[in-house]
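Trainee: I would like to learn how to read a model of a protein with a ligand. Could we take it feature by feature?

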Amino acid sequence: MKATVIVGCQFGDEAKGKMVDYFAGGVDAVARFQGGNNAGHTVIVEGKKYVLHFIPSGVVRGLKCVLGNGMVIEPRKLLEEIEMLRGLGIEPDLLIDQKAHVITQEELDKDAKDSKIGTTKKGIGPCYEDKAARTGIRVMDLLDKGMVSDDYYGAGQKLKQYIGDASLALFGMKKVLIEGAQGTMLDIDHGTYPFVTSSHTVAGSACSGLGIGPGTIEKVVGITKAYTTRVGNGPFPTELEGADGEKLREKGKEFGATTGRPRRCGWFDALIVKYAMRINGINELVLTKLDVLDGFDKVKVCVAYEKDGERVEDLPPNLDGWKPVYDELPGWENSKVASYEELPKEARGYIEKIESLVGVKITMLSTGPARDEVLKRP
Ligand code: IMP
C-alpha cells in the first residue's frame with residue numbers, strides 16, 4: 001500500500017476538504033488518523049452545503065472512508081452524520097477501527113466547562129485524557145452491553161456493520177489518501193501548547209493513528225491558506241484587529257464550520273509554514289483561498305519575528321510576545337483566472353515570495369470554493 005498524507009500547515013481550516021476531494025481520484029480509500037468531530041468540512045452536493053465532521057469528504061465521491069484507531073468518536077453524532085448522508089442519497093462505505101476511542105457523555109460534560117483553551121466542546125480533550133489514563137472506552141466496547149450505557153450500546157448495534165480492523169484493510173489496498181484534521185500549530189507537541197488540540201495532527205502521526213508503517217508514505221502534501229486564521233485562544237503573531245482583519249473575515253467567510261465562531265484573521269506567516277514544512281516533511285505545498293486577497297492595495301508577509309531587540313527567522317518554541325516583521329508587496333485585483341500564467345504578476349510575485357521563504361514548491365492554488373477553481377503550477 002502507498003499513501004499520500006494531506007496536512008494543514010497552520011491552525012486548521014486551511015480548506016483541506018476541497019483539496020482532499022481533488023487528490024482523491026484513483027484511491028481505494030480516504031482515511032483519518034486523529035481527532036473527531038472537532039473538525040468540520042463543508043461539502044457542496046448539488047448546490048447544497050453540508051458539513052461533515054467525522055467522515056472524510058471522499059464519501060461524497062462514493063469512496064471507502066476509514067476512521068482510524070487514533071480517532072475519538074461520539075457514536076450518536078456519527079450516526080447523525082450517516083443519516084444526513086443517507087438523506088442525500090449517499091450510502092456511506094465506512095470502516096471504523098475497533099480500537100478508536102469513544103467520546104462518552106462524562107467527557108462531553110467535562111469539556112463543556114472549558115473556558116481557557118476555547119475548545120470546540122466536543123469532548124475531544126477529556127476523551128484523549130481517559131485514553132492516556134488507560135480508562136477509556138473503545139469502539140469495540142460499544143458491542144458489549146456490560147461496558148456502555150444502553151444509549152451507546154444501541155448506537156453500537158447500528159454501527160456494528162462498519163466496525164473492523166482498519167490496519168488490516170489498509171494493508172490490502174493499493175493507494176490510500178490520508179487526511180489530517182486541525183493543523184500543525186494545533187498538534188499537542190508541536191503546536192502552541194497548551195492552546196492546542198489533544199492529538200498529534202502532524203503527518204508522522206498518520207502511521208500510529210492508522211496502524212501503517214512509515215515506509216508506506218509516498219508523499220506529504222501541505223495545505224496552507226494565502227493568509228492565516230485561528231479559532232479558539234492562543235498566540236497568533238500576525239493577527240489583524242482592524243479593518244484588514246475584518247475584510248479577510250468577511251471575504252474569506254471565516255466563521256468556524258463546527259462552532260460558527262468568527263475566526264481570528266491575519267497576514268501570512270512564513271515562519272509558521274516553514275516550520276510545518278520541516279515538522280511534516282512536506283514535499284509539495286498547496287496555497288488556498290488566494291482570491292480572498294484580491295482587491296487589497298498592499299499585502300504583507302511575515303518574514304521574521306522580533307522581541308526585545310532579538311530577531312528570529314525560525315519559529316521560536318513559545319510565540320508569546322514576538323512581533324511580526326513584514327515585507328510589504330503590491331496587491332492585485334483578480335486571481336480568478338483560467339491558468340497560472342494569466343494571474344496578475346503581483347499575485348505570482350506573492351506566490352514566489354512565499355515559496356522562497358518556505359523553501360518548498362507551491363504546486364497548486366485554489367482560487368474559489370468550486371471544484372474547478374484550481375490552478376496548477378506549470
Ligand atoms: P478541541 O480540539 O475541541 O479540544 O479544541 C482545542 C483547540 O483546537 C481550540 O482552540 C479549537 O478551536 C481548536 N480546533 C479544534 N479543531 C479544530 C479545527 O478543525 N479547526 C480549527 N481549529 C480547531
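This is a predicted model: local features need pLDDT of at least 70, side-chain atom pairs count only at pLDDT 80 or more; totals for chains, interfaces and linings use all residues.

Trainee: Where does Glu 14 lie, and is Glu 14 buried or exposed?

Mentor: A polar contact is a pair of N or O atoms within 3.5 Å; burial is a separate question, with under 20% relative accessible area as the cut-off for buried. Glu 14 sits in the loop between strand S1 (2-8) and helix H1 (16-23). Its relative accessibility is 0%, so Glu 14 counts as buried. A polar atom of the Glu 14 side chain also lies 3.0 Å from the backbone nitrogen of Gly 12.

Trainee: How do I read the surroundings of the ligand, and how many residues surround the ligand?

Mentor: Start with the list of neighbours, then sort it. Here 15 residues surround the ligand, and the closest are Asp 13, Asn 38, Thr 120, Thr 197 and Arg 261. Sorted by class, the shell holds six nonpolar, seven polar and two charged residues. Sorted by domain, at least three residues come from each of domain 1 (2-223) and domain 2 (224-376).

Trainee: What about Thr 201: where does Thr 201 lie, and what does its side chain reach?

Mentor: Thr 201 is in the loop between strand S10 (175-179) and helix H7 (205-208). Its relative accessible area is 2%, so it is buried. The Thr 201 side chain reaches the backbone oxygen of Gly 183 at 2.8 Å.

Trainee: Compare that with Val 60. Is Val 60 buried or partly exposed?

Mentor: Val 60 lies in the loop between strand S4 (48-52) and strand S5 (64-67). With 23% relative accessibility, it counts as partly exposed.

Trainee: How do I read a helix such as H9, and which of the H9 residues are buried?

Mentor: An α-helix has 3.6 residues a turn, so residues three or four places apart point the same way. Helix H9 (residues 270-280) is mostly covered, with eight of its 11 residues buried. These are Ala 270, Leu 271, Ile 272, Val 273, Tyr 275, Ala 276, Met 277 and Asn 280. Then check the ends. Asp 269 caps the N-terminal end of H9, with a side-chain oxygen 2.9 Å from the backbone nitrogen of Leu 271. After H9 comes Gly 281, with a positive phi near 65°.

Trainee: And the chain as a whole: how many helices and strands does the protein chain have?

Mentor: The protein chain has 10 helices and 20 strands. Its radius of gyration is 20 Å, close to the 21 Å that the globule rule gives for 378 residues, so the chain is as compact as a globular protein of that length. Of the 378 residues, 57% are buried.

Terms used: Residues are numbered from 1 along each chain as its sequence is written. Side-chain values use heavy atoms; hydrogens and water are left out. A residue is near a molecule or strand if one of its heavy atoms lies within 4 Å of it. Ala, Val, Leu, Ile, Met, Phe, Trp, Tyr, Cys and Pro count as nonpolar, Asp, Glu, Lys and Arg as charged, and the others, Gly among them, as polar. Domain bounds come from an automatic or database domain assignment. Helices (H or I, at least four residues) and strands (E, at least two) are DSSP runs, numbered from the N terminus. The radius of gyration is taken over C-alpha atoms; the globule rule is 2.2 Å times the number of residues to the power 0.38. Buried means under 20% relative accessible area, exposed over 50%, partly exposed in between (1.4 Å probe, protein chains only). A polar contact is a pair of N or O atoms within 3.5 Å; within protein, one must be able to donate a hydrogen and the other to accept it, and residues adjacent in sequence count only if both atoms are side-chain atoms.
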